[in-house]
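Try each one yourself before you read the solution.

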Amino acid sequence: MANPGYSEDEKNRLWEHRLHEDLILYQRHSFVLVTESLLLVAYSQLLGAHEHFAATALAAVGILVTVAWLMVNSRERKIIAHVHARAIESLREFADTYRDRPRSRLSSTVVLATLIPSLLATIWALLLIVALR
């Protein structure tokens with residue numbers, strides 16, 4: 001199961017790479033959520049001031065940001081899966097813990113990388129409709 005070809009130093013670097021990829025996903029998630037929040041506040045201010053054209057433009061930007069976020073998350077999930085598979089193959093303790101862990105139907109990564117951005121895309125689409133009225 002464990003890859004005997006890896007030295008301890010290589011295994012440590014692989015583990016650090018695995019952690020690094022998770023950290024990238026979570027940092028991007030936090031950054032984009034702050035961006036989305038600021039866009040939503042600006043949208044509500046514009047709509048409250050009856051600036052429908054500007055609110056419409058901002059809702060369109062919100063949709064574009066969210067779609068870009070989904071695309072970046074999709075790529076990052078593929079990278080994480082690749083590094084994760086290498087870690088499972090090479091790090092016996094990690095593989096054992098991963099196999100024995102409690103499971104749920106929806107992984108945290110799917111919720112953060114797909115479900116939340118999809119919900120925000122839906123909100124932006126509805127807000128675009130509101131701004132166009």
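A polar contact is a pair of N or O atoms within 3.5 Å; within protein, one must be able to donate a hydrogen and the other to accept it, and residues adjacent in sequence count only if both atoms are side-chain atoms. This is a predicted model, where local features need pLDDT of at least 70, side-chain atom pairs count only at pLDDT 80 or more, and totals for chains, interfaces and linings use all residues. Residues are numbered from 1 along each chain as its sequence is written, and side-chain values use heavy atoms, with hydrogens and water left out.

**Exercise 1.** Find the side chain that makes a polar contact with the side chain of Asp96.

*Solution.* Start in helix α3 (residues 92-100), where Asp96 sits; helices are DSSP runs of H or I, at least four residues, numbered from the N terminus. From there, the Asp96 side chain reaches the side chain of Arg99 at 3.2 Å. Asp96 has 29% relative accessibility, so it counts as partly exposed (between buried, under 20%, and exposed, over 50%, with a 1.4 Å probe and protein chains only).

**Exercise 2.** Decide whether His84 is buried or exposed, then list its contacts beyond four places in sequence.

*Solution.* Go to helix α2 (residues 52-90), which holds His84. Its relative accessibility is 12%, so His84 counts as buried. Next, skip the neighbours within four places: His84 is then in contact (heavy atoms within 4.5 Å) with Arg18, Phe94 and Tyr98.

How values were computed:
Helix = DSSP H or I, 4+ residues; strand = E, 2+ residues; numbered from the N terminus.
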